[in-house]
Amino acid sequence: MKVPDDVRKDIPLTQEVIYFDNAATSLTPLPVIQAMNEYYLKYRANVHRGVHRLSQRATHEYEKAREKVAKFINAKFEEVIFTKNASESLNLIAWGLEWKKGDKIVTTPYEHHSNLLPWIRVARKYGLKLEFIEGDDEGNLDLADAEKKIRGAKLVAVQHVSNILGVIHEVEEIGKMAKEEGAIFVVDAAQSVGHMEVDVNKLHADFLAFSGHKGPMGPTGIGVLYVNEEFFDVFEPPLIGGGTIEDVSLNEYKLTAPPERYEAGTPNIAGAIGLGAAIDYIAKIGLDKIERQEYKLVKRITEGFDDLGIEWYGPRNLKKHAGVVSFNIAAPTLAGFGLHPHDIAAILDEHNIMIRSGHHCVLPVVKRLKVQGTARASFHCYNTVEEVEYMLSVLEDVVKSLR
């Protein structure tokens with residue numbers, strides 16, 4: 001499958017707008033939508049508990065989607081839990097583990113709020129220690145400091161890719177450090193799955209979270225929580241009820257086996273089926289092609305920013321820079337002077353270019369950069385160099401108007 005042309009044919013919206021907001025939500029190809037429509041039109045029923053043929057088919061397709069996810073991230077079938085999104089997955093980890101006062105959690109200062117707030121909350125509730133691996137303003141982690149901080153840790157939680165700086169963290173090395181220390185290793189893969197290879201075994205992940213609507217180009221409202229089978233006995237499902245039990249009396253209950261143990265109530269059946277179709281679609285394209293196309297776009301836009309004198313953030317080593325590029329024009333300081341990122345986004349919207357602006361749910365990073373926020377262009381394989389060139393031409397006029 002050719003990128004970007006073949007993919008663009010499957011996404012009509014690419015003919016109407018230039019969509020550079022993929023770190024928030026990617027566009028959805030027609031085969032994914034068709035798979036979901038087929039569920040609603042041809043075998044709409046609940047899963048697992050029905051004997052009739054519609055329920056049986058719905059169950060088969062739902063579990064087939066789980067098989068696809070498992071294969072995609074090199075996990076086992078029962079280790080894949082369907083959730084609402086990566087945020088829910090990370091919260092479930094925090095509340096499903098047992099804590100005792102003095103336990104140490106290690107993370108980084110670059111995390112999305114979804115991989116920061118749950119750890120702050122449990123640290124406050126249970127009297128835990130929360131420490132952060134040092135790094136620089138580009139987002140590069142100090143691995144020597146990581147090794148030091150991880151000593152004695154109960155849990156280490158690290159993002160694979162930053163959603164504001166675009167930096168690809170050394171999760172494999174950090175995961176190895178965590179394993180050598182006997183710590184639980186959690187990976188927030190919300191910005192990497194669907195853009196690059198994610199192998200839970202290579203990453204030494206005990207838990208891993210991602211959303212279907214970002215890199216995989218799947219529907220909203222469906223996410224994944226990977227749980228290493230070694231943790232089934234110690235990871236309690238925070239939510240229990242319909243579908244999670246093997247037996248119940250008026251005074252006690254017995255949980256069923258994973259993965260159903262962790263999926264209380266009726267799941268997002270269409271969403272899971274759509275995610276399965278999206279993974280098929282990504283596999284058909286090839287992750288290597290996706291990575292090459294995104295690298296090409298990052299290289300061109302950062303070169304263009306340099307030529308225009310536009311400040312951009314993240315690693316200068318583009319091999320460590322995923323398809324997320326944040327920038328400012330006459331960056332507004334915390335005092336409020338300069339061209340606000342929302343103004344940049346509004347100007348680009350007038351030219352049919354969709355980007356994100358604001359703090360991107362990473363306020364500690366924004367404060368570190370001493371700005372009010374950033375404008376952010378984030379790519380997927382259906383984006384083109386020509387689209388980047390057009391955006392640069394619009395921004396050239398903006399820069400000239402400020403001089």
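The model is predicted: local features need pLDDT of at least 70, side-chain atom pairs count only at pLDDT 80 or more, and totals for chains, interfaces and linings use all residues. Residues are numbered from 1 along each chain as its sequence is written, and side-chain values use heavy atoms, with hydrogens and water left out. Helices (H or I, at least four residues) and strands (E, at least two) are DSSP runs numbered from the N terminus.

**Ser114**

- Ser114 is found in the loop that runs between β3 (104-107) and α5 (117-126).
- With a relative accessible area of 14%, Ser114 is buried; buried means under 20% relative accessible area, exposed over 50% and partly exposed in between, for a 1.4 Å probe and protein chains only.
- The side chains of Ser114 and Ser87 are joined by a polar contact of 2.5 Å. A polar contact is a pair of N or O atoms within 3.5 Å; within protein, one must be able to donate a hydrogen and the other to accept it, and residues adjacent in sequence count only if both atoms are side-chain atoms.
- When residues up to four places away in sequence are not counted, Ser114 touches Ser87 and Leu90, where contact means heavy atoms within 4.5 Å.

**Helix α6**

- In helix α6 (residues 143-150), the buried residues are Asp145, Ala146, Lys149 and Ile150.
- Viewed down the axis of α6, its buried residues fall within an arc of 130°, so they line one face of the helix; the arc is that of the directions from the helix axis to the C-beta atoms.
- These buried residues of α6 pack against β3, β4 (129-132), β5 (155-159) and α7 (171-181).
- The N-terminal end of α6 is capped by Asp142, a side-chain oxygen of which lies 3.0 Å from the backbone nitrogen of Ala144.

**Tyr226**

- Tyr226 lies in strand β8 (residues 223-227) and counts as buried at 2% relative accessibility.
- Tyr226 and Ala70 are 156 residues apart along the chain, and their C-alpha atoms are separated by 8.6 Å.
- Neighbours within four places in sequence aside, the contacts of Tyr226 include Ile73, Ala75, Val200 and Phe207.

**Salt bridges**

- A salt bridge is a side-chain nitrogen of Lys or Arg within 4 Å of a carboxyl oxygen of Asp or Glu, and by this rule the count comes to 23 salt bridges.
- Asp21 forms a salt bridge with Arg356, with the closest N and O atoms 2.9 Å apart. Asp21 lies in the loop between β1 (18-19) and α2 (30-42) and Arg356 in strand β14 (residues 356-358), so this pair ties together parts that are 335 residues apart in sequence.
- Asp21 is buried, at a relative accessible area of 7%, whereas Arg356 is partly exposed at 35% relative accessibility.
- Lys104 and Glu131 form a salt bridge in which the closest N and O atoms are 3.7 Å apart. Lys104 lies in strand β3 and Glu131 in strand β4, so the pair ties together parts 27 residues apart in sequence.
- Lys104 is buried, with a relative accessible area of 10%, while Glu131 is partly exposed, with 27%.
- Arg368 and Asp137 meet through their side chains in a salt bridge of 2.7 Å, N to O. This pair links distant parts of the chain, 231 residues apart: Arg368 in helix α11 (residues 363-369) and Asp137 in the loop between β4 and α6.
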